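This report describes the surroundings of a ligand and then some features of the backbone.

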Amino acid sequence: MAEDSIQYDEFGPEKVIRVSDRKTGMRGILVIDNTAKGPGKGGIRMTPTVTVDEVFRLARVMTWKTAMADLPFGGAKAGIIAPSDVIKDKTKKKEFIQAFSRAIKFICPKLYIGAPDVNTGEEEMRWFVEANGSWKAATGKPADMCASPGKKCGIPHEYGSTGFGVYHSTIVAAERLKLPLKGLTFAVEGFGNVGVFAAKYLTEAGAKLVAVSDSKGCVYNKDSIDFKSLEKVKKETGSVTNYKPGSVLPGPDLFELEADILIPAALPDAINRGNVEKVRAKIIVEGANIPMTAEMEDILHARGVLVIPDFVANAGGVISSYAEYRGKSPEEMFKLVEKKVRKNTKQTLTLAKKNGVKPRDAAMQIVMERVRKAMEKRNRSTTRCSLQSVFL
Ligand code: NAD
């Protein structure tokens, strides 16, 4: 296939695996990027168009994200190529997920641990784990899926760990700029898992939500949007654009509105060459993965906008995965997300200031050092083991 143009480097990828199942028609991809710190962790996305390149890029992001959160996991990602009719049909979807699970059982959970991603959630993780046979094969499982009765249970991503982490990262960023959170205005692109919880916690802390978007458009009210009514409107009508009072604007206009804080929580490249100069926020906290390129971050940094990179701000999901893997309760999980995301945001901003660079450059320095160190340690122990076997 022509799509595979992976650039191999010192970090990986370690394994690029393609699988298929004749009976169901399932075709799947697993990329294990780097396992120096532990088994590769990353979600399983199910789309008609997922490619090896896409899975690899996402696996690399996971290598950095798990290193930033300082977890005993490496980076990986999986993709199941599935037509839309399979994704919509529960029976067929289950067959695909279970065929994929069986096909990668030889390496999962030893070197790969699954998680939800695009078009997969807690139910799909149940199917995946049932086909694998090990409770540890995936995280983001339903809360009733326990290793022993009532103990070591699933922690679904639906609990909102990522949005909760984005909220804590925002607090640290505002503190750095010496801006009290109470009264600051903010706008959120996307009102899904990440956007809803980021907005919920920020409004509860006294920040003022002034704009929100979803796939149908954007609603703006400079005096503030009531979070609870907004949530109700979204649930009942399917879109935030039905919220009143407020003006309804095209979705992309959100990035140009007057708001102190901007939280992209939906699409890649949402901030781009076309709108970067029009961004008016003082702080941007990247809830989505890759909501802008490093080049756009450079432009914003030069203008004095504080941008917290995705793999620092949105690590709540993978921290929750770790908590689940270790058999912790949801309460313990939330405490861990708060502690780790705050610590990592602070560390990133401190190093960025010290080196006079943008936060992403500082964060990259931190994670590359951590992964290199783990790789050196692994190499030393592999050399020791082979020497021992030579002398035995
Ligand atoms: P989701 O599917 O729950 O929600 C996505 C939201 O984006 C929906 O409200 C949808 O209406 C909205 N949307 C779609 N098209 C849009 C458009 N053109 N303009 C504005 N909004 C639009 O997804 P999610 O889980 O909240 O993930 C959002 C982003 O965060 C993705 O980039 C994802 O990779 C990233 N992320 C998610 C998690 C997690 O735990 N859920 C963790 C890390 C990163």
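How far is an oxygen atom of the ligand from a polar backbone atom of glycine 192? The distance between the oxygen atom of the ligand and the polar backbone atom of glycine 192 is 3.2 Å. The model is predicted, with local features needing pLDDT of at least 70 and side-chain atom pairs counting only at pLDDT 80 or more, while totals for chains, interfaces and linings use all residues. Residues are numbered from 1 along each chain as its sequence is written, and side-chain values use heavy atoms, with hydrogens and water left out.

## The ligand

| Residue | Atom of the residue | Distance to an oxygen atom of the ligand |
|---|---|---|
| Glycine 192 | polar backbone atom | 3.2 Å |
| Serine 215 | backbone N or O atom | 3.2 Å |
| Asparagine 289 | side-chain N or O atom | 3.1 Å |

Taken alone, the ligand exposes 820 Å², and the protein buries 68% of that area (accessible areas come from the Shrake-Rupley method with a 1.4 Å probe; for residues, only the protein chains shown count as cover).

There are 19 residues around the ligand, and Thr162, Phe191, Asn193, Val194 and Asn289 come nearest (a residue is near a molecule if one of its heavy atoms lies within 4 Å of it). The elements giving two or more residues to this shell are α6 (193–204) and β10 (208–214). Helices (H or I, at least four residues) and strands (E, at least two) are DSSP runs, numbered from the N terminus.

## Disulfide and backbone

One disulfide is counted (a pair of cysteine sulfur atoms within 2.5 Å). Cysteine 146 and cysteine 153 form a disulfide with their sulfur atoms 2.2 Å apart. The link of cysteine 146 and cysteine 153 is right-handed, with 100° about the S-S bond.

Most residues other than glycine have a negative phi, and most peptide bonds are trans. Glycine 12 and proline 13 are joined by a cis peptide bond with omega about 0°; proline 13 lies in the segment before β1 (15–20). From cysteine 108 to proline 109 the peptide bond is also cis, with omega near 15°, and proline 109 belongs to the loop between α3 (90–103) and β6 (112–113). Aspartate 70, not a glycine, has a positive phi of about 55°. The loop between α1 (52–68) and β5 (74–81) holds aspartate 70.

Notes
Polar contact = N/O pair within 3.5 Å; in protein donor to acceptor, adjacent residues only side chain to side chain.
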